[in-house]
Amino acid sequence: MSTHILGIRHHGPGSARAVRAALDELDPALVLIEGPPELDKVAPLVASEGMRPPVAGLCYAVDKPAVAAFYPMAVFSPEWVALRWAVEHDRPARFLDLPAANALVLREDKDANRFDPIATLAQAAGYDDAERWWEDAIELRYHGLELFDAVLDAMRTLREGQDIDLETQRREAAMRRVMRAARRGEDGTIAVVCGAWHAPVLVPETFPSATSDTQLLKGLRATKVAATWVPWTSTRLARASGYGAGIDSPGWYHHLFTAPDDVITRWLVRVARLLRGEQHDVSSAAVIEAVRLAHALAGLRDRPLPGLTEVTESAQAVLGGGSPVPMRLVSRKLLVGDILGRVPADTPMVPLARDLAATRKSLRMRQSAAEQTIDLDLRTESHLGRSKLLHRLLLLDVPWGRPAEVGRTRGTFREAWTLEWRPELEVALIEASGYGTTIEQAATAVVTQRAGDADVGVLAELVETTLVADLPAALATVLSALDERAARQHDTTRLMAAVEPMARVRRYGNVRRADTELVARVLAGVVTRVAVGLPAACAALDDDAAATVRELVDGVQRGIALLDQDELRREWQRALGVVAEQPGVHGLVAGRATRLLLDAGLVDVTEAGRRLSLRLSPAADAVQAAGWLDGFLSGEAALLVHEPELLAVVDRWATGVDGELFERLLPLLRRTFADFAPAERRAIGVQVARLDRGVTTTSAAEEDDLDHERAARVLPKLLEILQ
């Protein structure tokens, strides 16, 4: 019996080629691969036609699915190559490492500053880039078994005198335990594919005693674990994603491993095709020149072949015209890529994941690692179904899609979503499976649970969320809880928070084909309670509380504006009238109430000017006056542009405030006017200038500024253009 240790670099295409060549040469009876033994049960699935890398072995704690670990593999990963070789040659393949049942419990003990052997060797060779050194010294120079002999010697030297951390010692003890069992049960050659760092201690002749390994593994805590395969993405293979064993350019490595010949030429042709697709002018002659430049750079730098650095520099110089901008596209689309793997249908899945797959298929929604935006017309049955699914997944904390900010409209027949499938969502599905076996059932259970102890404001939001997710059973539960708690709620501000969400549900519920009569009844009661309690809720507020109440007032105003119910509107406006003139109300809230009454036509401009003058009089507190002004002016600047009386009052107050006090008020005034558009601020400035000249009407100002002689020269040309 012989055992051969194939020390590899995870996700190294050169290592993968060498593993394949070594296995062909050794023709082993058994292949052992670094990874948790729990993956043994799902290893045969790699033979399925439905399995397409990148994929990841997933091990998770059954009782706590959030405790999980991924073991990614790409087509250029040596572990994947070893698995595929075993399947294709009908040889058994097993995993050797510390079982996930132990590793998931012990992972908090990991040492973040673990020794990096590849980086150490690169530094010793004068390289500042470990990946470039590995490519030059190993992957471009050695082939077959000689590569692994060189790696074994290098790692054996590096490990001398090193203080190996406890986690690594335990892992290597577990690896040797698997190897001992395999050597007892196999007569033929055994090939062990493992990380290069572990190779020296897995040579059977150097094994410590079985007793010492058993002692290292004795008494380790464990948990019940399940294992499966999940799709992975090329993006998540990249180091930038935070993946510890990640690489800088998975797309480049995929090309290195899969290109049959002329690696550099084929890559630069792909770059040229991508740039042409983005309307960059790239000729065939430019591609030829870029290939020549890449080889010339490699020669100048004494590299055996052009690496990614040389290829990228030549592409930027020749194909990109020297600009780094096109290369950002190349980096995103080619160097990293957006490939999403696939697993076969018979892969072990929780029922919830199966239901999602079936629903996704029926709605013709394709999972993709690339971010994409979709526009849904809710009047279309299939689009309405997609909207329901995405809203239900958000309830389950599985954010496959998120409402798009650009062009998003709420409460209409259209929705925009940004979709991106990430591997972590597979774990989120497993976590959510505790709520039910279907997406609808689980989302209903989540809503019911949240409604259990939620206050009125949260319940109102939950009503809207439940409606758009089309969960009728949950909607009845939430509305019942809302009706009951609103009747017992004495905090007016909490009731105010409930008005706008329920008003949206009532106004736009027909888009979702839902019966919202119960919502209307609950909403009427809430608005009545808000109107009665508003004056008391607005008394004795500090600045922070006043800002909160002002936002709630705006929310109630928007909600009532959505409803065609005069009685509710009158109740609300009566309450605003009381608050606007009630002594002791914070200026921010009183000013806002006055503005809303002015917009509704219940207070005319003359009365508004009187109140403004009163609030901004020299006898009034300047800070409270600034707050009142902020509340009154929030919204459209047209009020100051087209009502010179009001602008004159503000102008007199601002110019009459004491200089030292004005500095204290300036941040508040800036905040007030900063919400106006630049054009609106300019228009206000023009009006103030006219006030300074004693002009009080726009028409008079226009007459004063008009140059009739210049206008006469322009008018004939304007008439010619218009005709």
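Predicted model: local features only at pLDDT ≥ 70, side-chain atom pairs only at ≥ 80, totals over all residues.
Visitor: How many helices and strands are in the chain?

Guide: The chain has 33 helices and 10 strands. Buried residues make up 50% of its 723 residues.

Visitor: What share of the contacts with a separation of 6 or more comes from residues 24 or more positions apart?

Guide: Such residues account for 75% of those contacts.

Visitor: Now single residues. Is Pro28 buried or exposed?

Guide: Buried means under 20% relative accessible area. Pro28 has 0% relative accessibility, so Pro28 counts as buried. Its place is the loop between α1 (13-26) and β2 (30-34).

Visitor: Which residues is Pro28 in contact with, leaving aside neighbours within four places in sequence?

Guide: Pro28 is in contact with Leu23, Trp85, Arg91, Thr189, Ile190 and Ala191. Take Arg91 from that list. Pro28 and Arg91 are 63 residues apart in sequence, yet their C-alpha atoms are 7.9 Å apart in space.

Visitor: Is Thr444 buried or exposed?

Guide: Thr444 counts as buried because its relative accessibility is 18%, and the cut-off is under 20%. Thr444 sits in helix α18 (residues 439-451). Beyond four places in sequence, Thr444 touches Leu471, Ala473 and Ala474.

Visitor: Where is Arg402, and what is its relative accessible area?

Guide: Arg402 is in strand β9 (residues 401-403). Its relative accessible area is 47%, so Arg402 is partly exposed. Not counting residues up to four places away, Arg402 touches Ala416, Trp417 and Thr418. Arg402 and Thr373 are 29 residues apart in sequence and 9.4 Å apart in space, C-alpha to C-alpha.

Visitor: On to pockets. What shows where empty space is left?

Guide: Rolling a probe the size of a water molecule over the atoms shows it. In this structure, the second largest pocket has a volume of about 630 Å³. Its lining has 29 residues, and the closest to the pocket centre are Pro231, Val343, Met349, Ala357 and Arg360.

Visitor: Which elements each supply at least two residues of that lining?

Guide: For the second largest pocket, β7 (225-231), α15 (351-362) and α17 (424-432) each do.

Visitor: How many residues of each class are in the lining?

Guide: The lining of the second largest pocket has 19 nonpolar, three polar and seven charged residues.

Visitor: Last, the rings. How many aromatic pairs does a search of the whole structure find?

Guide: The search finds four. One of them is Phe70 with Trp232, a tilted pair: 4.9 Å centre to centre, with 50° between the planes. The pair links distant parts of the chain, 162 residues apart. Phe70 lies in strand β4 (residues 64-73), and Trp232 in the loop between β7 and α9 (234-237).

Visitor: What makes the pair of Phe76 and Tyr253 edge-to-face?

Guide: Planes over 60 degrees apart count as edge-to-face. The planes of Phe76 and Tyr253 are at 90°, so the pair is edge-to-face, with ring centres 6.1 Å apart. Phe76 is in the loop between β4 and α2 (78-88), and Tyr253 is in helix α10 (residues 250-258). They are 177 residues apart, and the pair links distant parts of the chain. Both Phe76 and Tyr253 are buried.

Methods
Residues numbered from 1 in each chain as written. Heavy atoms only, no water. Helix = DSSP H or I, 4+ residues; strand = E, 2+ residues; numbered from the N terminus. Buried < 20%, exposed > 50% of the residue type's maximum accessible area, 1.4 Å probe, protein only. Contact = heavy atoms within 4.5 Å. 1 Å grid on protein atoms, 1.4 Å probe; cavity = no way out; pocket = protein on both sides within 12 Å on 5 of 7 lines; lining within 4 Å. Points joined across faces, edges and corners; volume = space filled by probe spheres on them. Nonpolar A, V, L, I, M, F, W, Y, C, P; charged D, E, K, R; others polar. Phe/Tyr/Trp six-rings, centres within 6.5 Å; stacked < 30°, edge-to-face > 60°.
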